[in-house]
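Colleague: I am new to this structure. Could you show me how to read a few of its features?

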Amino acid sequence: MAPPQPFSMEEQSGELCEPESEEGEKQGPGTPSDQAHPVTYDAPDGGWGWVVLVATILVLALTLAFPSCIGIFYLDLQEEFQASNSETSWVPSIMTSVLHAGGPLCSMLVERFGCRATVMFGGVLSGFGMAVSSFSHSIVDLYITTGVITGLGFCFSFQAAVTILGHYFVRRRPFANAMSSTGTALGLSTLPFLGDYLQSTLGWRGSFLVLGAVLLNCCVCGAVMRPVRPRKPRKSEVMSNGPRPAGKKGCVLGIFQGLASSLRKHMAFDLFCSNPRFRVFSLGITWMMLGFVVPLIYLVPYATAHKMDPSRAALLLSILGFINIIVRPPVGVLFSLSWFKGRHIYVFSAALFINGLSNSICCISASFPVLLMYVLMYGLSMSLVGSLMFTVLMDTVEMSQFPSALGLLSIMESVTLLIGPPLAGILVDRTDQYTYVFVACSITVALSALFLMVSFYWLDSRDAAQKNSSPASGSPAKPAVNLAMDCQYSSVPTDGDKTHNLSSEA
C-alpha cells in the first residue's frame, strides 16, 4: 500500500488549506526564510476555477440583482406603511449603499478567514435579514433589516466571490469577469418572475420570508470556493511575541492604531493619491452611480403608474436580464483579444455614454413597445458596462492591490448610491412625473462617461509624450560617453606584469 501523500491532491487542483491562524500564532514568528519567501501558487486559469466561476455567477445573481427587484413590492410597501416615494425608495437605496460600503470590512474578513468563509457568512446574514424583515411593523424596520443587515450580507458574499475569482484567472480574466457579470443578468431575468409570483400568492411578507430562504444558497456557492494559495503571514502575527503597551490607555491606543492601519491597508488611500488613473476611475464611477441604478428601481413603478399590468412590467426587467445573459459571454471573449489591451476604458466609456442617453427614451411614452425599445438599448449598453467594469479596475491597479482598491471604490460608490434613489423620489413627489427622473439619470450618466473618456485620453497622451521625450532628455549624456571612449589610456605595468613578461620571454 502506497504511503499517504497529503498535499498531492491539493497541488493538482490548485487548492490549499484554509489559513490556520491559531496554529500560526502559537508557533511564533518562525524563521526569516519562511517569512521572506512565502509559498505562492500560480492561478489555474481553468480546472477547479470553472466551478468557482459558476458559483460566482450564482452569488452575483442573488446579490447584485436583488435590489432592483424590490421595485416589484414598491407599491405594496407604500400602501402598507403609508409612505411617500422618497421614504419607500430608502429601502433599496440603503441596501445598495451598504452592499458597496462594506468593502473595507469585507477585505478584513477575507484576509482573516478567507473568501470561502466570508461568502458563506454573507449568505447567512442576508437570508436572516430578509426573513426578519417579513415581520416589520414600520418602514424604519425595513431600513434596518432589509437595508442594513441584508445589504451587508450581500457585500460579504459579492466582494469575496469577485476577489477569489481574480486569483483563479489571470490570462482569461476578462472572459471570467464577463461571464461572472452574467450573474447579475441571470438574477434580473429570474428574480422578477419569482417576486411577481410570490407577491401575487403570498403577499410581500410571505415573499420576503421565501426570498430569505433563497438567499441561503450563497452558503452553498461559498462552500466550493477553495483558496488558491495560503495567506501570507501578517506583521501582527510575526511580532505577536513583542512587548505591548501596558495599562488601559495603552490598550485603547493600540486599538486605535490597529484600526487606523487597517483602514489605510484596506481602503487604499495612498493608491488614490499616487495613482492618477485609479483616482479618475473611482471619481467617474462614483459620479456614474448617482443615476445608473435609479432607472432599474423606478421602471416598474413608472409602468404600473400608467396602468400597465404588473406582470408585463416585471417582464421588462426579465427581458433586460435575458439580454445581458445573451450579450455578456461573447463580449467577454471579444475583449479578451490582445488588440483591446489598454483600450478597455474607452469601450467602457462609450457604452456608458450610450447607456445614459438611452434613459431619455422613457420620456417618449409609457407604452409597452416604447419601454421595450428602452430595455433593449439599455440592456445592450449595460452588458458592456458590467462586463468591463472590474476588468478596467484590474487594468488600473495591480492584482495585489485589487481588494483594497475595490474597498475604497465601494465606499465612494455607496455615497451616491445612497442619495440617488431618495433624490429621485423627492423629484417624483414634487412633480408627480416619473419622466424627470429618467431625464436626470440620462444627463448624470452621460456626463460621467464623458469625464472618464476625456480624462483617460489626457492621461494616455501625457504618458506617451513623456515616453517620447525620455530619449531626447538622455541625448546630452552621449557625447560625454563618446569623449571618454575616444580617450587613449596607457597601461602602467605592475610588478606582477613584469614578472609575467620575464617568464614569457624565458
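Modeller: Gladly! Helices are DSSP runs (H or I, at least four residues), numbered from the N terminus. S133 lies in helix α8, which covers residues 115–133. This is a predicted model, where local features need pLDDT of at least 70, side-chain atom pairs count only at pLDDT 80 or more, and totals for chains, interfaces and linings use all residues. Residues are numbered from 1 along each chain as its sequence is written, and side-chain values use heavy atoms, with hydrogens and water left out.

Colleague: Is S133 buried or exposed?

Modeller: Buried means under 20% relative accessible area, exposed over 50%, and partly exposed in between (1.4 Å probe, protein chains only). S133 has a relative accessible area of 0%, so S133 is buried.

Colleague: With which side chain does the side chain of S133 make a polar contact?

Modeller: A polar contact is a pair of N or O atoms within 3.5 Å; within protein, one must be able to donate a hydrogen and the other to accept it, and residues adjacent in sequence count only if both atoms are side-chain atoms. Here the partner is the side chain of T146, at 3.4 Å. The S133 side chain also reaches the backbone oxygen of M130 at 2.6 Å.

Colleague: And which residues does S133 touch, not counting those up to four places away in sequence?

Modeller: Contact means heavy atoms within 4.5 Å. On that basis, S133 touches L142, T145, T146, W204 and F208.

Colleague: What about F66, leaving aside neighbours within four places in sequence?

Modeller: F66 is in contact with M95, M130, F154, L191, L211 and L215.

Conventions: Helices (H or I, at least four residues) and strands (E, at least two) are DSSP runs, numbered from the N terminus.
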